Amino acid sequence: MDLKKRLLICAALLLGAPPSARAEILVGFVTGLSGPVSSIGIPNAKGLAAGQAYIGEIDGEKVRVIQLDDASDPTASTRNARKLVEQEKVDILIGTSGAPQTLAMATAAIEMKVPMIAVSPIAPVPAGEDGPWVVQTPQPAQLLVKGIVDHMKGRGLKTVAFIGFSDAFGDLMYDSLVQNAKAADIKAADIKVVANERYARSDTSVTAQVLRAISAHPDAIMLGGTGTPGALPAIALSERGYKGPLYGNHGLISADFLRLAGKSADGIICPTGPVTAAEQLSEQNPIRKVALAFRAAFEKANGEAPTDSFSSYSFDGWLIFADAAKRAMATGAKPGSPAFHAALRQALFATKEVVGTQGVYSFSPADRHGVDERSRIMVQIENGKYKLLP
């Protein structure tokens, strides 16, 4: 075969060859699809699926999610994070359901120097030697509980009892209550916390805790539980005829809680994110548009409407990731490379005014929450629905 024919064959092969595939962005997602926190973990997974339906590619780059179930076990959360980073070589971690599980996962992410978006509230985690690695979508407990305390003060309440989980989430809620209850104005009076009752998520009765809380004769009671286990005190208080003001938290915004608590949930006042009452928000509120788009994407991905607040935290996590990944791609770094991981982390902590369903996010190395009071509304449960309060 002469040289001319060889060149023609080579040219034909080159023209017919498919273009080289671009490296896909890998996201490692951990959630609790089983175990006591599955009432949060399953919605988290559905929310991430909604995010993928809403934004499927980033500047033409495909995104692949590797999802693992930690069975609501912090040890499994750590193990899954390590597997995703060390074996699957993911570019970023997102997860998980439950504060103890998320704290365990975040600790591993910092150690392995991989950026992470937490979709459950966590206590402050130490930064790595070269700075922070973890941001979170849930509003800081301090900001949410401030809404409760402000509402109590507006009603002239002076004392409150606390009934919550005996874990990191319960500690977070209780500490936030105590800190907010201290008056900022030296001329104003504190709200006194007169009881601190705890129970395990796996407990089947909270009778003793409820009786002790009631015996303290508080002006109001705050609940520091989430999901289905969070319904136990509400039911027990109703059974014992408690008629005083009852405050919840954002973890009680779920269909599972409403189903289990039933009529005992009526009247509970909760701080939560704007997505809970999206249709009731002002047309001028930028969160309203995104919150309604989330609902449409959720139905597209899952074949049903969202009935909780947990799914929106992972949806917001996806929006934050997509925004940061787009800016990281603009640096020219390729997914899977150390340069991309560094660019993605830098972009994550330079996030500015990303509108989500739960707030408007602006992160920095000094602020892992990234939200302000635009991320909090107050709602009251009435006949299984959440009514926006002024």
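**Asking what the words rest on**

Modeller: Gladly, and let us begin with Arg 376, which sits in the loop between β13 and β14 (377–382). The model is a predicted one, where local features need pLDDT of at least 70 and side-chain atom pairs count only at pLDDT 80 or more, while totals for chains, interfaces and linings use all residues. Numbering runs from 1 along each chain as its sequence is written, and side-chain values use heavy atoms, with hydrogens and water left out.

Colleague: Why is Arg 376 called buried?

Modeller: Buried means under 20% relative accessible area, exposed means over 50%, and partly exposed is in between (1.4 Å probe, protein chains only). Arg 376 has a relative accessible area of 16%, so it counts as buried.

Colleague: What does the side chain of Arg 376 reach?

Modeller: It reaches the backbone oxygen of Leu 143 at 2.6 Å. A polar contact is a pair of N or O atoms within 3.5 Å; within protein, one must be able to donate a hydrogen and the other to accept it, and residues adjacent in sequence count only if both atoms are side-chain atoms. Contact in general means heavy atoms within 4.5 Å. Not counting residues up to four places away in sequence, Arg 376 touches Leu 143, Leu 144, Lys 146, Gly 147, Pro 271 and Thr 272.

Colleague: And what makes Leu 252 buried?

Modeller: Its relative accessible area is 0%, so Leu 252 falls under the cut-off. Leu 252 lies in the loop between β10 (246–247) and α9 (255–261). Leaving aside neighbours within four places in sequence, its contacts include Leu 223, Phe 257, Cys 270 and Tyr 386. Leu 223 is 29 residues away along the chain, and the two C-alpha atoms are separated by 9.0 Å.

Colleague: How do you know what span to expect of helix α10?

Modeller: Helices (H or I, at least four residues) and strands (E, at least two) are DSSP runs, numbered from the N terminus. The expected span of a helix is 1.5 Å times one less than its number of residues. Helix α10 (residues 286–302) has 17 residues and reaches 25 Å from its first C-alpha to its last, close to the expected 24 Å. At its N-terminal end Asn 285 is the cap, with a side-chain oxygen 2.9 Å from the backbone nitrogen of Ile 287. Gly 303 follows α10 and has a positive phi, near 70°.

Colleague: Which elements do the buried residues of α10 pack against?

Modeller: They pack against α2 (38–54), α11 (310–329), β12 (354–355) and β13 (360–361). Among those buried residues are Phe 294 and Phe 298.

Colleague: Why is the pair of Phe 294 and Phe 315 called tilted?

Modeller: Rings of Phe, Tyr and Trp (its six-membered ring) pair if their centres lie within 6.5 Å; planes under 30 degrees apart count as stacked, over 60 as edge-to-face and the rest as tilted. This rule gives 8 aromatic pairs. In this one, the ring centres of Phe 294 and Phe 315 are 4.9 Å apart and the planes meet at 55°, so the pair is tilted. Phe 294 is in helix α10 and Phe 315 in helix α11, so the pair ties together parts 21 residues apart in sequence. Both residues are buried, and together with Tyr 54 and Phe 298 they form one aromatic cluster.
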